[in-house]
Amino acid sequence: MIIFLLFMGNFISGLDRFLINYGIVHISKDLQLNASSTGLILSIFFLGYAIMQLPGGWLADRFGAKLVIFISIVGFSLFTGLTGLAWSLASLIAIRFIFGLTEGSFFPAGAKLISSTIPQEQRSRAMSFYLSALTVAGVAAPLLATTMLLQIGWRMMFVVIGICGSLIGLLYWFYLKPKRERQHQENSASMAGQAAPPVKGVFKALAKKPIVWSLMVASFAYGFISWGTASWVPTYLVNERGLDLRALGILQMIPAVTGFVFFLLAGYVLDRVKAGNEKWFGAVAGIGIAVMVYLMFNAQTITGIVIYQSILPMFAGVLSVVIFSLPIKRLPEAVGGSAVGMINLGMQVAGFVAPLSIGFMIDLFDGSYNGVVWLLVAFGIVCCLAFLTLTSDKENVPEENIEPSIPVSR
């Protein structure tokens with residue numbers, strides 16, 4: 001039930017994020033925005049999201065993952081609906097920024113819940129299922145977005161999705177029972193004679209571990225490619241390749257379906273990989289995703305673009321599962337939320353920088369995407385190099401052998 005609810009929550013959070021990539025075509029026309037302003041709207045969510053990664057992970061460790069998850073899903077559903085009420089560029093920027101703040105604690109809190117409920121040898125699979133919700137949202141988003149944009153417009157689209165998110169929030173309240181979790185933590189702390197859980201100085205301790213920095217760099221590089229392409233490929237296909245919205249919605253479902261399969265497969269395989277060897281999978285996947293991006297943008301036909309888009313999730317799945325399962329497999333459960341929040345900060349900063357940078361670069365090159373392609377390829381190489389810096393045995397140790405510099409609740 002916990003994994004199912006996490007999947008549903010991540011699905012609706014992904015849907016909230018992906019819809020803007022399709023709605024922005026209409027929003028830009030209605031608000032008369034240039035490419036730079038469009039990039040700012042696509043990026044501002046990630047600024048708020050990134051800001052909440054460290055506080056969100058800490059709050060999940062301190063007050064319980066279930067309570068943080070519930071507050072997050074209710075908050076971001078509210079601001080998803082408010083997106084449809086935006087009347088200007090400034091109001092839309094403000095709404096999307098607060099939307100990012102409210103959603104920012106959801107992912108690290110979910111990772112914390114996995115680390116506290118799922119056995120270590122099954123956490124890659126659990127994380128892959130959790131992450132695969134984003135690819136399912138990628139299947140649904142093109143079809144839902146293009147249909148709703150044509151039938152009810154972009155404003156009502158966001159209102160409807162916000163209502164759906166609020167309903168999922170009710171499921172969290174009734175089935176996860178966050179109040180009960182908090183009471184349990186307080187009772188356990190009282191019996192142990194200490195505050196629960198002790199996480200003072202956790203970020204300082206995590207910052208001393210090279211594995212955290214390597215994964216943060218890999219997270220940033222992968223996030224730049226992932227969010228950069230997710231944000232701009234729909235606009236690219238409509239404006240540069242001449243696709244209409246309905247055809248776009250159908251074609252973009254294909255790589256999303258393959259992504260779901262590849263994410264689950266990556267989790268299954270990586271749970272069976274010897275500790276320390278994950279870095280080789282990550283390094284190869286970094287090069288692979290760079291090659292697929294280059295081929296995708298240089299394909300001569302729409303069919304070619306879709307084929308390369310459909311292969312790309314094979315590498316993206318490996319990168320996501322390695323980056324986000326390693327911290328909850330190799331670091332103590334008591335700091336799982338903080339560790340994932342710290343590493344995910346890299347990806348979400350990239351989510352802010354990438355759409356904005358791509359928009360500026362398109363304007364700089366007079367509408368050409370050539371500079372964008374090489375920028376994305378360069379980040380694939382950076383991702384590969386970040387994984388090669390991971391040490392094998394000393395850093396990838398089970399939580400029982402973790403150094404005492406990181407406080408652990410027993």
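Predicted model: local features only at pLDDT ≥ 70, side-chain atom pairs only at ≥ 80, totals over all residues.

1. Who touches whom here? On the helix 14 side the contact residues include Phe 281, Val 284, Ile 289, Met 292 and Leu 295, and facing them in helix 15 are, among others, Ile 305, Tyr 308, Leu 312, Phe 315 and Leu 319. Glu 278 of helix 14 and Arg 330 of helix 15 are also among the residues in this contact. Sorted by class, the contact of helix 14 with helix 15 has 18 nonpolar, 4 polar and 2 charged residues.

2. Helix 15 has another partner worth a look, helix 7 (residues 123-151). The axes of helix 7 and helix 15 are 9 Å apart, with a packing angle of about 130°.

3. For the residues behind that, look at Arg 123, Ser 124, Met 127, Ser 128 and Leu 131 in helix 7, which meet Ser 320, Val 321, Phe 324, Ser 325, Ile 328 and Lys 329 of helix 15. The class breakdown for helix 7 with helix 15 is 5 nonpolar, 4 polar and 2 charged.

4. Now to helix 1 (residues 2-31) and helix 4 (residues 65-83), whose axes come within 11 Å and cross at roughly 25°. Angles under 35 degrees count as roughly parallel, so helix 1 is roughly parallel to helix 4. Leu 6, Gly 9, Ile 12, Ser 13 and Asp 16 from helix 1 make this contact with Ile 69, Ile 73, Phe 76 and Thr 80 from helix 4. By class, the residues of the contact of helix 1 with helix 4 are 5 nonpolar, 3 polar and 1 charged. The crossing of helix 1 and helix 4 is left-handed.

5. Ile 168 belongs with the previous point, though it sits in helix 8 (residues 153-176). Is Ile 168 buried or exposed? Its relative accessible area is 9%, under the 20% cut-off, so Ile 168 counts as buried. Setting aside neighbours within four places in sequence, Ile 168 is in contact with Met 8, Gly 9, Ile 12 and Ile 73. Ile 12 is 156 residues away from Ile 168 in sequence, yet their C-alpha atoms are 8.3 Å apart.

6. Helix 3 (residues 53-63) has Gln 53, Gly 56, Gly 57, Ala 60 and Asp 61 buried. These residues lie on the same side of helix 3, because they cover an arc of only 130° around its axis. Just after helix 3, Gly 64 has a positive phi of about 105°.

7. Finally, the overall picture: the protein chain has 17 helices and 0 strands. Buried residues make up 60% of its 410 residues. Of the contacts between residues at least 6 apart in sequence, 85% link residues at least 24 apart.

Technical notes
Residues numbered from 1 in each chain as written. Heavy atoms only, no water. Buried < 20%, exposed > 50% of the residue type's maximum accessible area, 1.4 Å probe, protein only. Helix = DSSP H or I, 4+ residues; strand = E, 2+ residues; numbered from the N terminus. Arc of directions from axis to C-beta. Contact = heavy atoms within 4.5 Å. Nonpolar A, V, L, I, M, F, W, Y, C, P; charged D, E, K, R; others polar. Axes fitted to C-alpha atoms, helices over the stretch in contact; angles between N-to-C directions. Parallel < 35°, antiparallel > 145°, perpendicular 65-115°, else oblique. Left-handed = near helix turned anticlockwise from the far one by under 90°.
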